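Visitor: I would like to learn how to read a structure like the one we are about to open, feature by feature. Could you take me through it with the general idea before each case?

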Amino acid sequence: MDVKNQTAVTEFIFLGFPGSSSLRLPLFMMFLTVYLLSLMGNTLIIFLILVDSTLQTPMYIFLGNLSFLEIWYTTATVPKLLATCVTKVVTIPVAGCITQYYFFFSLGATECILLAVMAYDRHVAVCRPLHYSLLMSVHICLRFSAASWVGGFLAPLLPTILISQLNFCGPQKINHFFCDSDPIFKLSCSDTFLVEALGYTCSSVVILSSFLLTMSSYGNIVVTIIRLSSREARKKTFSTCASHLTVVTIYYGTIIFAYVRPPAKYNFTIGKVVSVFYCVITPLVNPLIYTLRNKDVMKAFQKFLSQKKFLMGKNMHGL
């Protein structure tokens with residue numbers, strides 16, 4: 001295509017989910033509720049870890065990192081999703097779209113690496129309990145956490161730079177509710193083969209390598225649990241790891257379906273539905289699973305509530 005004869009696009013228009021106007025308000029209320037619950041749940045986990053010294057261990061430091069990540073991960077996309085439900089025309093500048101692309105995929109890559117690290121933490125705790133304090137000290141835990149963030153933000157850097165060099169000449173409508181890779185490529189009048197191949201390779205390497213490392217850790221955990229002589233010990237150990245495995249299954253299942261496949265196979269309608277799971281649902285599921293299935297977190301929450309009631313009672317008594 002002759003780029004010189006095309007008008008340069010300065011902004012994109014999100015199409016969001018098609019449908020009648022009568023469905024927009026229910027969708028808006030549903031997504032807004034899930035978004036707010038996700039923000040509150042993840043913020044609560046971070047708060048409890050910060051104020052309760054018993055939760056300041058490697059396992060919960062990783063969980064705090066995951067909750068902090070989920071807050072920004074969902075915030076990178078959901079506000080535009082909400083806007084498409086209540087506004088007919090939702091636009092984003094090209095530079096803003098590329099920025100959203102970078103932060104979305106950086107946070108996604110960070111989550112993949114972090115889930116693999118969390119699985120390794122549980123592997124050491126279950127399979128090598130006598131060496132846990134040596135192999136997973138707080139200092140090492142913080143290094144792992146920092147490496148997850150650095151690695152995640154470096155992974156999509158080169159594809160993002162290449163995307164920023166593309167020309168966009170129209171149409172300007174993005175068939176999605178955020179700046180995902182394939183919808184962006186469809187709008188470019190430049191040759192996108194290199195950046196598509198690089199993006200596909202990067203996403204596949206990050207997702208599959210972290211997924212295999214994660215499943216390898218849990219495979220060893222399952223074998224170790226089976227070998228435990230005490231039924232009570234097996235039950236307690238499995239309960240601790242089951243919440244992690246549930247999160248891993250939901251998250252990896254959707255992103256592998258969405259990104260570990262040839263670009264030509266992309267279906268925009270299915271892609272948007274699947275995106276709702278890892279952009280909206282998973283950030284809410286994480287705090288629910290980790291709090292409802294974790295006795296330590298629930299105990300810290302109950303302790304916080306009892307302290308708050310005590311202080312309120314003391315203040316009322318003073319009045």
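Visitor: Let us begin with Arg-122: is its side chain buried or exposed?

Guide: In this predicted model, burial is judged by relative accessible area, with buried meaning under 20%. Arg-122 has a relative accessible area of 8%, and therefore counts as buried.

Visitor: Which residue does the side chain of Arg-122 meet in a salt bridge?

Guide: The partner is Asp-121, with an N to O distance of 3.0 Å, and Asp-121 is itself buried because its relative accessibility is 1%. The count for the structure comes to one salt bridge.

Visitor: What should I notice about Ser-217, and which residues does it touch?

Guide: Ser-217 has its place in helix 9, and with a relative accessible area of 9% it is buried. Once residues up to four places away in sequence are set aside, Ser-217 touches Ala-119, Tyr-120 and His-123.

Visitor: Turning to the cysteines, how many disulfides does the structure hold?

Guide: As a general idea, a disulfide is a covalent bond between the sulfur atoms of two cysteines. The structure holds two of them. One joins Cys-97 to Cys-179, with an S to S distance of 2.0 Å, and this pair links distant parts of the chain, since Cys-97 lies in helix 4 (residues 94-127) while Cys-179 lies in the loop between strand 3 (173-174) and helix 8 (181-187), 82 residues apart. The angle about the S-S bond is -130 degrees, and the link of Cys-97 and Cys-179 is left-handed.

Visitor: Where does the other disulfide, between Cys-169 and Cys-189, sit in the chain?

Guide: Cys-169 is joined to Cys-189 with an S to S distance of 2.1 Å. Here too distant parts of the chain are linked, with Cys-169 in the loop between helix 7 (157-164) and strand 3, and Cys-189 in the loop between helix 8 and helix 9 (193-227), the two being 20 residues apart. If the bonded cysteines are numbered in sequence order, the pairing reads 1-3, 2-4.

Visitor: Are these cysteines buried or exposed?

Guide: Both Cys-169 and Cys-189 are buried, and so is Cys-97, at a relative accessible area of 1%, as well as Cys-179, at 0%. Cys-85 and Cys-112 can be read by the same rule: Cys-85 is buried with a relative accessible area of 6%, and Cys-112 counts as buried at 2%.

Visitor: Which residues touch the most other members of the largest nonpolar core?

Guide: In soluble globular proteins, nonpolar side chains tend to be buried together. The largest nonpolar core here has 70 residues, of which Phe-12, Tyr-259 and Tyr-278 touch the most other members, and helix 4 supplies the largest share of this core, 16 residues. Apart from it lies another core, of nine residues, including Leu-48, Tyr-60, Leu-63 and Ala-300. Beyond its neighbours within four places in sequence, Tyr-278 is in contact with several residues, among them Tyr-73, Phe-104, Phe-178, Asp-180 and Tyr-251.

Visitor: Finally, which residues does the UniProt annotation "transmembrane region" cover?

Guide: An annotation of this kind may be inferred rather than shown by experiment, and this one comes from an unreviewed UniProt entry, whose spans include residues 71-95 and 132-158. In the model, residues 71-95 are 64% helix and 16% strand, with end C-alpha atoms 23 Å apart, whereas residues 132-158 are 85% helix and 0% strand, with end C-alpha atoms 37 Å apart.

Technical notes. Residues are numbered from 1 along each chain as its sequence is written. This is a predicted model: local features need pLDDT of at least 70, side-chain atom pairs count only at pLDDT 80 or more; totals for chains, interfaces and linings use all residues. Side-chain values use heavy atoms; hydrogens and water are left out. Helices (H or I, at least four residues) and strands (E, at least two) are DSSP runs, numbered from the N terminus. A disulfide is a pair of cysteine sulfur atoms within 2.5 Å. Buried means under 20% relative accessible area, exposed over 50%, partly exposed in between (1.4 Å probe, protein chains only). A nonpolar core is a set of buried Ala, Val, Leu, Ile, Met, Phe, Trp, Tyr and Cys residues joined through side-chain atoms within 4.5 Å. Contact means heavy atoms within 4.5 Å. A salt bridge is a side-chain nitrogen of Lys or Arg within 4 Å of a carboxyl oxygen of Asp or Glu.
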